[in-house]
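This report walks through a structure for a reader who is new to the subject. Please look at the sequence and the model first, and then read on.

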Amino acid sequence: MAMLESLRDLVGPAVFDHAVSPLIKIAVLIFVGILPLISYLVLAERKILGFMQVRLGPNRVGPWGLLQPVADIAKLLVKQDIIPSTAIRWAFIVAPCLVVAPAFVIFSVIPFGPAASQTGGSLDYFVTDVNVALLFVVAMATVGVYGIILGGWASNSKFSLLGGLRAAAQMVSYEIPQGFSLVIPLLMAGTMSLQGIVQAQFEQQRWFIFQGWGLGLVAFFIYFVAGVAETNRNPFDLPEAESELVAGFHTEYTGMRFALFFLGEYANMIVISAVAVTLFLGGWHQPFPNAGWAGFLDLQWIPVLTPPLGLVGILWFSTKLAAFLFVYIWFRGTFPRYRFDQLMELGWKWLIPLVLLTIFGTGVWKILQ
Amino acid sequence: MENYLPILVFALFSIVFLVVTLVAARLFRPGGALFKGASATINDDPYECGNPAETFAHDHRFSIRYYLIAVLFVVFDVETIFLFPWAVQFDRLGIFGFVEMIVFLVILIVGYVYAWQRGALNWA
């Protein structure tokens with residue numbers, strides 16, 4: 001802390017508050033939070049899928065397979081690095097970066113914990129809070145689509161091209177119900193700032209998933225289904241369908257560039273889950289904040305967490321996030337893949353009318369209040 | 001405006017991270033000499049189930065059914081942009097705003113139903 005103070009004096013408070021302090025937070029977020037989370041999410045996925053299929057999953061590297069991510073990274077790093085001779089070189093190289101970078105940038109507006117003003121401390125437990133945060137999330141999530149299409153196109157492989165085309169149609173189609181479903185929590189909260197939406201749920205004493213005659217639940221359902229489709233996960237993993245397209249848009253990718261696609265997919269899963277937690281599940285707030293019997297949920301009886309709210313908030317956020325990520329993996333272990341015409345039908349003929357009705361219903365609910 | 005600065009920092013950070021990762025991968029990967037024999041044959045070709053590729057993807061014309069989907073998407077996505085500020089300002093706009101939005105949506109839904117009737121949403 002003293003070191004930070006002297007650094008602040010050195011570079012001046014303005015530069016410190018707007019560039020150095022965020023940079024430190026970002027570094028911690030990425031290297032302590034997101035990257036380890038992604039590596040172990042992959043392990044967790046393999047383990048959980050293993051258990052669901054009555055296997056053990058990875059169990060050779062380290063105790064209980066816990067060092068598997070390290071081995072994976074080392075392996076990917078020393079893999080032969082192939083760019084197909086017929087590929088469009090620059091696009092082939094840029095594509096995976098276009099998937100990862102937007103997914104990362106979205107984390108800058110996710111409220112992992114309370115603001116400084118709410119804890120009485122001097123530290124915001126998020127990188128920044130802008131008043132159009134939700135719009136920013138939607139915009140950035142869209143950029144990721146380009147990476148996948150570009151990757152499929154640039155490879156000049158038939159499998160990749162088909163995968164890329166499927167990705168284009170699918171992600172574009174499911175973006176509509178997803179965008180619409182975000183309108184419902186917006187209506188309920190009356191603000192686009194993610195920190196504001198979390199606060200609105202706290203003030204209304206209700207998570208938005210339970211708000212407004214069950215309409216919140218419908219919106220949540222639509223958002224999550226569309227989110228699974230946006231991340232190309234089962235049962236909507238047609239762009240990379242292993243059994244027919246041989247990994248689809250990243251057939252030609254090897255080594256680190258393949259790892260980046262992988263990283264992007266998992267980062268996107270975390271983003272979708274984090275936004276869902278923020279919009280529908282009360283963000284970093286504990287469940288039942290005012291119920292007497294649930295008082296122990298504030299976790300103040302754990303000595304390390306006694307500085308109020310801050311770390312507790314992050315803990316609750318992570319718990320809810322983990323629940324979501326488990327559901328993703330659960331989906332993969334449970335559902336067979338959709339056929340492409342069924343996929344488009346679900347998006348265009350079911351989700352869109354449903355979400356329009358939900359918006360209408362929420363408007364009526366708002367007016368009757 | 002200064003709230004947006006950390007986002008820019010984050011974007012730069014991500015780009016640096018990506019560049020460092022790819023450069024590191026370049027350093028660690030096996031040298032070209034080791035795989036020269038493989039490269040000379042079909043290792044550098046796009047995947048074709050192990051056979052030498054006769055043609056490549058860009059040689060062909062694929063039937064893209066996505067043209068209509070793309071057009072419809074643009075219409076709906078623009079609508080989303082209209083809905084966002086409307087939702088935020090709902091309290092201030094009141095019933096007037098609600099009715100206005102219903103009128104707007106009905107116009108759009110008419111187009112949607114028309115597209116549905118014409119079979120634009122059918123894939124097969």
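P235(A) sits in the loop of chain A that runs between helix 10 (215-230) and helix 11 (242-245), where helices (H or I, at least four residues) and strands (E, at least two) are DSSP runs numbered from the N terminus. The peptide bond that leads from N234(A) to P235(A) is cis, with omega near -5 degrees. Most peptide bonds are trans, and most residues other than glycine have a negative phi.

The structure is a predicted model, in which local features need pLDDT of at least 70 and side-chain atom pairs count only at pLDDT 80 or more, while totals for chains, interfaces and linings use all residues. Residues are numbered from 1 along each chain as its sequence is written, and chains are lettered from A and ligands numbered from 1 in the order in which they are written.

## Two residues with positive phi

V54(A), although not a glycine, has a positive phi of about 55 degrees, and it is found in the loop between helix 2 and helix 3 of chain A. N156(A) is likewise a residue other than glycine with a positive phi, near 55 degrees, and its place is the loop between helix 6 (133-154) and helix 7 (158-181) of chain A.

Are these residues buried or exposed? A residue is called buried if 20 or more other C-beta atoms, placed from the backbone, lie within 10 Å of its own, exposed if 12 or fewer do, and partly exposed in between. V54(A) counts as exposed because it has 6 C-beta neighbours inside 10 Å, whereas N156(A) is buried because 23 other C-beta atoms lie within 10 Å.

## The two domains of chain A

Chain A is divided into domain 1 (1-78) and domain 2 (79-368), with bounds that come from an automatic or database domain assignment. Taken over C-alpha atoms, the centres of these two domains are separated by 19 Å.

In domain 1 of chain A, 18 residues are in contact with 15 residues of domain 2 of chain A, a contact being a pair of residues whose C-beta atoms, placed from the backbone, lie within 7 Å. On the domain 1 side, helix 2 (13-52) and helix 3 (68-77) of chain A each supply at least two residues, and the largest share, 14 residues, comes from helix 2.

## Where chain B meets chain A

Between the chains, 52 residues of chain B are in contact with 61 residues of chain A. Helix 1 (5-28), helix 3 (66-88) and helix 4 (90-117) of chain B each supply at least two residues of the chain B side, and helix 1 of chain B gives the largest share, 16 residues.

Leaving aside neighbours within four places in sequence, L186(A) is in contact with L134(A) and M192(A), and also with F84(B), A87(B) and V88(B).

## Confidence in the model

The model scores ipTM 0.82 and pTM 0.87. For chain B the mean pLDDT, which is the predictor's confidence in each residue from 0 to 100, is 78, and 84% of the residues of chain B reach 70 or more. Among the elements of chain B, helix 4 has the highest mean pLDDT (87) and helix 2 (residues 36-40) the lowest (48).

Over residues 32-40 of chain B the pLDDT is below 50, and this stretch has four contacts in the model beyond near neighbours in sequence. Where pLDDT is low, the predicted coordinates should not be read in detail.

Definitions and conventions: Contact = placed C-beta atoms within 7 Å.
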